[in-house]
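Student: Could you take me through one part of this model up close? I would like the cut-offs as we go.

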Amino acid sequence: QVQLVESGGGLVQSGGSLRLSCAASRRTFSPYFMAWFRQAPGKDREFVARISWSSGSTSYADSVKGRFTISKDNAKKTVYLQMNSLKPEDTAVYYCAARPTLVPASYDYWGQGTQVTVSS
């Protein structure tokens with residue numbers, strides 16, 4: 001089992017920045033992808049960004065492209081989400097997730113979530 005622990009959420013004004021972190025508990029940790037998702041009140045969970053653990057290639061939702069950056073530190077088994085130019089519509093609980101393999105395409109491990117609130 002892998003435990004993922006997020007940190008870095010909080011309250012920020014519109015236009016501000018936050019950096020989220022997600023650390024994995026297991027000493028040997030090498031997923032296929034790490035990703036960030038978010039869920040706003042009354043809405044479904046949505047994909048935000050993902051990164052390949054081996055190559056570092058990234059992918060983003062259109063809504064955050066150009067504002068958010070996902071990165072990783074393999075040695076620390078940690079993935080980050082740098083969020084700039086935050087908007088009130090970015091308010092949500094943010095979750096990190098690990099996808100162990102390419103197939104099946106499922107994120108099997110999830111963190112507990114961290115709240116991000118952007119005030120207007």
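Tutor: Happy to! Two strands pair if DSSP finds at least two bridges between them, and strands themselves are DSSP E runs of at least two residues, numbered from the N terminus. This is a predicted model, where local features need pLDDT of at least 70, side-chain atom pairs count only at pLDDT 80 or more, and totals for chains, interfaces and linings use all residues. Residues are numbered from 1 along each chain as its sequence is written, and side-chain values use heavy atoms, with hydrogens and water left out.

Let's look at strand β4, residues 33-39. On one side of the pairing list, seven bridges join β4 to β9 (residues 92-99) in an antiparallel arrangement; there, M34 has A98 as its bridge partner. β4 also pairs with β5 (residues 46-52), again antiparallel, over six bridges, and F33 stands opposite S52 of β5. The hairpin of β4 and β5 has six residues between the strands, and G42 takes a positive phi near 75 degrees in that hairpin.

How is β4 placed relative to the rest of the structure, and why? Six of its seven residues are buried, so β4 is largely enclosed by the rest of the structure. Buried here means under 20% relative accessible area, with a 1.4 Å probe and protein chains only.

E6 itself lies in strand β1, residues 4-7. The side chain of E6 reaches the backbone nitrogen of Q112 at 2.9 Å, and a polar atom of that side chain lies 2.8 Å from the backbone nitrogen of G113.

Key:
Helix = DSSP H or I, 4+ residues; strand = E, 2+ residues; numbered from the N terminus. Polar contact = N/O pair within 3.5 Å; in protein donor to acceptor, adjacent residues only side chain to side chain. Buried < 20%, exposed > 50% of the residue type's maximum accessible area, 1.4 Å probe, protein only.
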